[in-house]
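Student: I'd like to learn how to read a structure like this one feature at a time. Could you walk me through it?

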Amino acid sequence: MAPLVSVVMPVFNSEDFLGKSVMSVKKQSYPEWELLLVDDHSQDSSAKMAQGFSKEDSRIRFLQTERNSGPAVARNLGIKHAKGSLIAFLDSDDMWEPNKLEIQTKFMKDKEIAFSFTWYRIWNEEFTELREVRSPEFLPYRKELLFNHVGTSTVMLDQRKLGKCLFPLFPKCEDYALWLEILRKGEMGRGIQQSLTNYVSRKGSLSSGKLELAKNNWRIYRNVESFGFFPSLFFLYTNFLAHLLKRRKSKTHPSVFSKGEKME
């Protein structure tokens, strides 16, 4: 029997993108999934939209945080209510290719692994200027320390092997901290060498500030990984350098959307 995949989607002020994100789950060729939409007290119509999706499809459940608390709290609430043995993450402004879950569940089963991710493509809010971000096939702890190779919306975790993996309660980079925690315990991350996830880079999004990213990475190295000043400085430098090199090597692509295509 195919394992159930619990898809956890934190939702916050994403009314312009939420429909497409949800539809990319509903169009999956892999049928055994549930979608947990966790609203973090959106100020637009996102919560109402999410409730509507849950009423239309029994595989979709609506949850809400007690107060606006950030994506880590929202994801953790979804993880705690998940019924599946496999957990996948999808942000409410990102989309999956239709065969993403099918390919990834087979990959995890065939390789007998607990932590996998895929390549992904990034474009702006007008769905132009795409570039492909490639991740390594094998990802040990030491390699991830040098640079966060993993896109959150590409990840799948096996709870039967890892247990309930909850995100540290950071305002940013909580995903990077969790991947390091998993790898530090001896797990090997495995990357599918194929772009199966699509990221929208939104203006003012949490992931857009480079200075804030550096500050949060510094906190992770110092306070979570417990590194000294100079090792932390070294890893911060390698992270910055890797960002520059990755952008230069990125390939551009035409838009994956037809001209004038509207949101679902």
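**Reading the model feature by feature**

Tutor: Let's begin with the overall picture: of the 264 residues in the protein, 51% are buried. Keep in mind that this is a predicted model.

Student: Okay, and how many helices and strands does the protein have?

Tutor: Nine helices and eleven strands. The accessible surface of the protein is about 13,100 Å², and carbon and sulfur atoms account for 54% of that.

Student: What share of the contacts between residues at least 6 apart in sequence join residues at least 24 apart?

Tutor: In this protein that share is 79%.

Student: Now strands. Which strands pair with β10, and in which sense, parallel or antiparallel?

Tutor: Take them one by one. β5 runs antiparallel to β10, joined to it by two bridges, and Trp96 stands opposite Thr197 of β10 there. Strand β6 (residues 115-123) pairs with β10 in the parallel sense, over eight bridges; in β10, Ser195 is the residue opposite Trp119. Strand β8 (residues 138-139) pairs with β10 in the antiparallel sense over two bridges, with Phe138 opposite Arg190.

Student: Is β10 enclosed or open to the outside, and why?

Tutor: Ten of its twelve residues are buried, so β10 is largely enclosed by the rest of the structure.

Student: Can we zoom in on one residue of that strand? What does Asn198 touch?

Tutor: Asn198 is part of β10, which spans residues 189-200. Leaving aside residues up to four places away in sequence, Asn198 touches Asp94, Met95, Trp96, Glu97, Arg121 and Trp123. With Glu97 there is also a polar contact, side chain to side chain, at 2.8 Å.

Student: Is Asn198 buried or exposed?

Tutor: Buried, because its relative accessibility is 5%, and the cut-off is under 20%.

Student: Aromatics next. How do you describe a pair of rings?

Tutor: You give the distance of the centres and the angle of the planes. A search of the whole structure turns up twelve aromatic pairs. One of them is Trp218 with Phe229: the ring centres are 5.5 Å apart and the planes are at 75 degrees, so this pair is edge-to-face.

Student: Which parts of the chain does that pair tie together?

Tutor: Trp218 is in helix α8 (residues 210-224) and Phe229 is in helix α9 (residues 229-249), so the pair ties together parts eleven residues apart in sequence. Trp218 is partly exposed at 24% relative accessible area, and Phe229 is partly exposed too, at 43%.

Student: What about Phe234 and Phe235?

Tutor: They form an edge-to-face pair as well, 5.3 Å centre to centre with 65 degrees between the planes. Phe234 is partly exposed, at 46% relative accessibility, whereas Phe235 is buried, at 5% relative accessible area.

Student: Which residues are linked into a cluster by ring pairs?

Tutor: Phe89, Phe115, Phe117, Phe167 and Trp179. Phe167 also has a charge over its ring: the charged end of Arg75 sits there, 5.2 Å from the ring centre.

Key:
Residues are numbered from 1 along each chain as its sequence is written. This is a predicted model: local features need pLDDT of at least 70, side-chain atom pairs count only at pLDDT 80 or more; totals for chains, interfaces and linings use all residues. Side-chain values use heavy atoms; hydrogens and water are left out. Rings of Phe, Tyr and Trp (its six-membered ring) pair if their centres lie within 6.5 Å; planes under 30 degrees apart count as stacked, over 60 as edge-to-face and the rest as tilted. Helices (H or I, at least four residues) and strands (E, at least two) are DSSP runs, numbered from the N terminus. Buried means under 20% relative accessible area, exposed over 50%, partly exposed in between (1.4 Å probe, protein chains only). A charge sits over a ring if NZ of Lys or CZ of Arg is within 6 Å of the ring centre and within 35 degrees of the ring normal. A polar contact is a pair of N or O atoms within 3.5 Å; within protein, one must be able to donate a hydrogen and the other to accept it, and residues adjacent in sequence count only if both atoms are side-chain atoms. Contact means heavy atoms within 4.5 Å. Two strands pair if DSSP finds at least two bridges between them. Accessible areas come from the Shrake-Rupley method with a 1.4 Å probe; for residues, only the protein chains shown count as cover.
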